[in-house]
Amino acid sequence: MKNLQMQNKLRIALVVPHIFMQNGFEETLIFAPGKLAIDLARNLSKLGVEVHFFTPDLQIPEVENYNVDLNKFYEIASEKTNNHFNPSDSFPKGAINQNDILDYSQKQKLELLQEFLKKHPLTCITLSRQVLTELISKAYELGNFGEFDLIHFFTAEEEIAPAFAKLSKVPVCFTHHEPFDFLAKYKSQFEKYKDLNWISISNSQQKSLPQGNFIANVYNGFDNEFDFENQRQNLPSSHLVQSHLPIGKDNKDIDLLYIGRIIKPKGVSLAVKLAEKYNLKLKIVGKYYSGFGNDNYFEEEIKPFLSQDIEYLGYISGLKTKSELMARSKCLIMPSIWEEPFGMVMIEAMSVGTPVLGLDSGSIPEVIKNDVSGIVVEKKMSDPFHMDEIGIVDWLYDGFQKVVKLDSEKVYEHYKQNFTVEKMAKGYLEVYERLLD
């Protein structure tokens, strides 16, 4: 491969230009691309790649980390929100790296960031873009100085990185984690940069940029790090199966489990209507966004129907708790009505042997192997502009009756063969090597 004749290791700059990429935030925020980026960096390192990891303020020990100074960002955030945070109390004078933080906790930082975004969205977004511009320019600068063989931008929500890609002296590739036409700003920008090197996360995602130069498709990966063998000491031995499957079929006391954002595109109200009509036990886990913009979805479509059998559990961040909840469930329900670009929660469920009941939106039929790791239900329309919700609820129930009969071991095997972090990292490594060949 060219560029590699004088060295042994492939040198990759993995750039994640998103303001949420800060130490400690991943345990509280719903931001799947951040966890994926961390897992990718670590596993590329295991594969012998020299990884240079660019984020606003996140460090992992396995790689070379590059951050920017967020002192001024948080100083202004404090002033605008009347938070009374004095950055000089927490940052040493002249600090250039967030490793210098002394006593301002990550929880307080996150709360300040969220308050800033809610009260002053334009200012927060503007300052965030300044941070990301600094990060992106540093990656391009060091790449042009010969510090890396290739730059991979792992999030592309902003147009900054694509706009300057052609000025790079080393190959550049991009991964985007939403449909390319989902937001107005996406519609206006991605068509301009369709000829760049794009790596999709599902074949379905490619349809949202029809003329895009997709050089590869690499599915997301997930590793369930917990060994569940003998964890449930209070259960009879008949309820314990292999170590990757925490609870046997006899102990599944939840009919339907929904985990994700509680917003209209996710179709949570369809799960509620299914549970209510057919007397099923539904547990809902996730964040709702009442008070942000005009979002009243939870208040109007979910909350009035909560009961002993339809229960909202709030947001659960711990992987172990989520995994055990999934393992207690007969199925995970994925009633998305938008074109789901991937859907990480599906492979999380499969990693503990829990099958998925989903509509055929976006990537869902790609991730689910029908009749093996789940059941896919057609999202039928009553007319060109409206779903047949009554029919869909009935068809979901038909799917539920099938999905509960699937073999947990086969569900797990489908996950293990297709959606591990190791497989994801090897997939990206193959793309890098092709670009440099």
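Which residues do ring pairs link into a cluster? In this predicted model, they are Tyr140, Phe153, Phe174, Phe180, Tyr186, Phe190, Trp198 and Phe214. Rings of Phe, Tyr and Trp (its six-membered ring) pair if their centres lie within 6.5 Å; planes under 30 degrees apart are stacked, over 60 edge-to-face, and the rest tilted. Residues are numbered from 1 along each chain as its sequence is written. Local features need pLDDT of at least 70, side-chain atom pairs count only at pLDDT 80 or more, and totals for chains, interfaces and linings use all residues; side-chain values use heavy atoms, without hydrogens and water.

The structure holds 26 aromatic pairs. Phe174 and Trp198 form a tilted one, 5.1 Å centre to centre, with 40 degrees between the planes. Phe174 lies in strand E5 (residues 172-175) and Trp198 in strand E6 (residues 197-200), 24 residues apart. Strands (E, at least two residues) and helices (H or I, at least four) are DSSP runs, numbered from the N terminus. Phe174 is buried, at 0% relative accessible area. Trp198 is also buried, at 0%. Buried means under 20% relative accessible area, exposed over 50%, partly exposed in between (1.4 Å probe, protein chains only). Phe342 and Phe419 pair edge-to-face, at 6.0 Å and 75 degrees. Both are buried.
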